[in-house]
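Student: I have the sequence and the model open side by side, and I would like to go through the contacts slowly. Could we begin?

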Amino acid sequence: MPTIDISKKDFEKKTKKMSIQEIEELLIFTKSEVDGVEKDTIKVDQKDTNRPDLWSIEGLLREIKGHLGMEKGIPKYKIHDSNYKVIVDKSVKKIRPFTVCAVVKGLEFNEKSLEQLIQLQEKIHMTYGRKRKMAAMGVYDFDKIEWPIHYKKAENIRFVPLGMDKEMTPKEIEKYHPKGKEYSHINNGEYTVFVDSKENVLSMPPIINSAYTGEVTTKTKNVFIEVSGFDLEYLMIPLNVLSTALAERGGKLYSVEIDYQKNKIKTPKLEEKSIEVDAKKIIDFIGLDIKEKDVEKLLNKMRYDVEKKKDKLIVKYLNYRNDILNWRDIAEDVAIAYGYNKIKPEVPEISTIGGNSELFEFTEKLKEIMIGFGFQETMTFNLTNKENLFRKMNINEKRICEIENPISINWSCLRNWLLPSSLEFLKKNKHVQFPQKVFEIGQILEIDEKSDTGCVNKEKISACWTDSRVNYSEMLSILDKLFSLIGKKYKIKQSSNQTFIENRRAEIIVDNKKIGFIGEVHPKVLNNWKIEKPVVAFELDVEKLL
Amino acid sequence: MIITEEGKKYIENGLPEENLAELAENNPITIQEAKNKIENFSIALSWAKKKNLIDIDKGKIIFKKHDDSNDLDLLKKIEKGEDVSEDDVEKLLKRKLVSIQTDNLEKKAKKYIGKNIDFLNEELIKTGLWERVKLKPFNIETKGKEIFPGKRQPYQDFLKDLRDKLVKLGFQEMSGPNIELEFWNFDALFQPQNHPARDWTDTYKLKYPTKGFIDKNIMKNVKGSHEKGWKYKWSPEKAMKLMPRAHGTAISARKLSTDAEIPGKYFAIARCFRPDVLDATHLIEFNQIEGIVLDKNITLKNLLGVLEMFAKEIAGAEEIRFYPDYYPFTEPSVQISAKHPKLGWVEFGGAGIFREEVTKPLGIDVPVIAWGIGVDRLAMFKMGIKDIRYLFSDDLKWLREKSVI
């Protein structure tokens with residue numbers, strides 16, 4: 001979700017004087033909310049990651065003017081024809097094949113509007129541009145450019161990149177320039193450049209502009225804009241967003257011819273797109289009691305033009321938006337324009353029978369029994385590490401679910417049994433009054449190639465009892481009573497688990513299957529955990545008890 | 001000397017060995033039959049043999065003679081308080097039909113007579129001599145050693161309350177795996193594969209196992225939905241990668257693709273995983289409450305109705321506000337803020353109506369309203385804690401002492 005800074009003064013200049021609360025209310029129409037205010041700066045959370053046209057004050061105001069009644073329907077922008085030309089060399093084909101461009105003249109930048117321009121560029125780079133890979137844009141001082149511009153593979157090129165004071169080769173930029181280090185991986189060692197007819201480098205997309213043409217200041221009056229990437233259609237949106245934002249600032253738009261040798265295109269191409277919707281369906285879908293005429297009015301506020309066609313509406317919008325896939329998107333805008341909080345909430349009358357899963361209901365029974373035995377319930381994390389699961393438990397490693405990008409080695413695996421979590425709990429409570437009896441009913445993960453996720457969740461119950469003196473038989477009494485209370489038969493069988501003391505450990509068998517274990521924890525394991533009193537424990541597979 | 005419970009029973013019903021002999025008197029009977037008819041069969045059998053009242057042949061009991069001992073008469077005499085010889089007493093003592101414990105009790109109890117004592121005891125109560133002792137006054141403010149009952153974990157308890165409310169509202173539980181395919185976490189929810197939210201730092205990836213599998217038909221549908229809607233080449237390999245579930249909506253997507261009924265209401269309490277450092281305000285794992293309602297006539301107005309009901313029922317909200325929001329998988333999307341009496345305005349959760357690009361590939365043709373609610377802050381408030389780590393507390397003392405109200 002992009003967060004953008006806007007100036008309150010700037011906002012008011014284009015609208016009217018108002019309080020932060022009033023601005024806040026208006027921003028709701030743009031899926032934005034105020035996240036903080038510092039002096040003149042309002043921090044705005046823009047929630048729609050699919051609406052780059054809303055990531056600048058110009059874009060936000062375009063919408064808000066519709067709700068203030070200052071403008072309505074599709075905004076009008078004129079594109080002047082021109083002779084400006086960008087010639088695309090075929091050498092770029094395998095590196096970064098496409099570009100679309102525009103020229104905007106007659107701008108009067110101040111600090112605020114310049115900040116907006118840079119901010120919009122950054123937000124588009126990060127989100128829509130997928131960190132500049134899919135779309136990267138550059139803005140240049142038009143008056144320093146000698147036309148036509150060439151877009152070609154970078155060969156024998158040196159230029160002064162923005163932020164440096166000496167000429168560098170692409171390789172040097174890759175190595176030493178902060179932007180080079182950050183973005184070079186996109187290109188795999190080959191680069192493209194925009195150069196003008198005096199061989200002045202404009203930029204090396206998507207990495208860095210030149211210091212000479214690629215710096216825009218408050219003195220800049222006219223700009224050249226380019227967007228580069230891999231899919232021509234995909235590049236149109238950011239170009240349209242940026243050029244219309246500048247047009248909102250009073251700039252005059254000029255087209256640029258992009259010469260792809262085989263074919264030529266003129267950009268920016270601002271076109272009306274349309275979608276056919278059923279007004280009645282939209283009204284019903286939202287649950288409103290309004291007329292078709294009202295839907296039209298609401299859509300006009302959201303900067304759509306609407307035309308009637310028999311019993312349908314043709315809803316038109318300008319192609320700085322690309323988020324409209326079907327009638328639902330239009331329905332949402334009708335609801336937003338109407339105001340979510342004006343819609344009267346109504347609980348649907350759908351009668352269904354509620355219920356917990358059988359497994360959960362069963363764990364509740366187990367819980368009740370364990371609590372009856374005086375055990376305190378605990379709840380621990382699924383994330384843990386191999387040290388806890390294996391080494392400290394005195395057993396060999398097994399294949400378990402491991403995290404590729406852990407934040408900390410402590411949380412780098414998902415547990416495959418519960419007992420280590422319980423022992424870790426006991427370790428942390430050495431100085432708390434004894435006896436300590438704790439249990440947990442929780443999930444673990446086991447590798448299972450037959451499962452669609454390569455592993456399966458299992459619900460386990462583990463119980464520990466620790467005191468100056470505890471022993472196997474006492475815990476077996478508890479286990480035995482647990483089984484008898486849930487009406488289940490079990491057998492016990494000698495086991496060879498190294499976690500427990502020999503001859504004081506057993507596997508628990510139900511229907512000829514191992515479903516858990518019971519035992520006195522081996523002193524070696526207690527030492528590993530720095531636990532000072534004997535512990536007797538059991539762990540069972542809950543689903544097998546059902 | 002007193003007659004034991006066993007002795008009393010024989011006075012009433014006769015000696016079991018004699019009863020057994022009588023039973024077999026006319027016709028030999030099988031052991032099984034006798035077992036069913038005679039109480040204390042094993043006692044009856046052993047004494048009948050000892051007294052030579054019966055014989056056993058091929059599993060049948062054969063009558064030999066009636067009991068000619070005076071055991072029953074002796075018991076009756078003792079009951080009436082008549083004197084019997086020491087040899088006779090010895091015989092009954094051995095068979096535990098009488099006991100001379102009372103004499104000991106009385107002896108013990110007599111020691112206390114006229115004294116001030118700390119504790120009332122069994123001897124005094126049984127002999128009735130408690131009337132002749134004095135019990136010392138206790139300091140009624142003095143407690144014994146601190147004791148701890150077994151108890152529910154407070155956060156689990158909170159989640160249980162939420163479940164109860166949801167179940168009352170007619171919601172059925174659904175569940176899903178903690179390790180999830182990217183497909184269910186993202187793709188089925190119409191999140192493009194090159195979307196920044198799928199990026200490395202926002203979610204965990206799995207090192208092992210790395211790959212799962214997906215139903216071919218569903219995969220084909222979702223691929224179509226992505227390539228048409230987002231205009232890029234969808235990769236099945238990426239969708240088959242595994243990750244710890246990052247949000248509960250993955251469970252809803254799975255439910256829609258399998259056995260969701262129309263109309264239907266479902267909920268899940270989903271453990272979710274996102275890379276975060278564990279500290280007072282962040283957890284490495286958290287729980288989300290996820291819900292969906294399917295119905296052919298469901299509307300945005302209904303979604304708002306359900307959310308309002310939740311905010312009031314679950315969060316105890318006094319007031320609520322809805323805000324337009326954005327999720328790739330819902331259109332319209334709603335954020336709900338609830339005014340809590342103590343916490344003030346709290347962002348309560350995200351909701352919306354699933355996009356047709358989500359529901360249609362999963363085979364659902366009706367609108368589905370959906371929401372995901374992070375409950376940690378509410379739980380913290382309910383539990384009266386400031387440090388979020390206490391939701392998963394490893395402090396036994398605190399767990400023991402935490403009030404259950």
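**Helix contacts and the chain interface**

Tutor: In chain B, residues B:P16, B:E17 and B:L20 of helix α2(B) meet B:F41, B:I43, B:A44, B:L45, B:W47 and B:A48 of helix α4(B), where contact means heavy atoms within 4.5 Å and helices are DSSP runs (H or I, at least four residues) numbered from the N terminus. This is a predicted model, in which local features need pLDDT of at least 70 and side-chain atom pairs count only at pLDDT 80 or more, while totals for chains, interfaces and linings use all residues. Residues are numbered from 1 along each chain as its sequence is written, chains are lettered from A and ligands numbered from 1 in the order in which they are written, and side-chain values use heavy atoms, with hydrogens and water left out.

Student: How are α2(B) and α4(B) oriented to each other?

Tutor: The axes of α2 (residues 16-24) and α4 (residues 41-50) of chain B, which are lines fitted to C-alpha atoms over the stretch in contact, come within 7 Å and cross at roughly 80°. Angles of 65 to 115 degrees, on a scale from 0 to 180 between N-to-C directions, count as roughly perpendicular. α2(B) and α4(B) are therefore roughly perpendicular to each other.

Student: And how are α4(A) and α7(A) oriented to each other?

Tutor: The axes of α4 (residues 111-128) and α7 (residues 232-248) of chain A come within 11 Å and cross at roughly 165°. Angles over 145 degrees count as roughly antiparallel. α4(A) and α7(A) are therefore roughly antiparallel to each other.

Student: Which residues of α4(A) meet α7(A)?

Tutor: On the α7(A) side, the residues in the contact are A:Y234, A:I237, A:P238, A:V241, A:L242, A:A245 and A:L246. Those they meet in α4(A) are A:L117, A:L120, A:I124 and A:Y128.

Student: How much area is buried between chain B and chain A?

Tutor: The contact takes 98 residues from chain B and 85 residues from chain A. Buried area is the accessible area (1.4 Å probe) that two parts lose on being put together, summed over both. Carbon and sulfur atoms give 56% of the area buried between these chains, which is about 8,300 Å².

Student: Which residue forms a salt bridge with A:E364?

Tutor: A salt bridge is a side-chain nitrogen of Lys or Arg within 4 Å of a carboxyl oxygen of Asp or Glu, and the rule finds 7 across the interface of chain B and chain A. For A:E364, the closest N and O atoms are 2.3 Å apart, and the partner is B:R152.

Terms used:
Helices (H or I, at least four residues) and strands (E, at least two) are DSSP runs, numbered from the N terminus. Angles under 35 degrees count as roughly parallel, over 145 as roughly antiparallel, 65 to 115 as roughly perpendicular and the rest as oblique.
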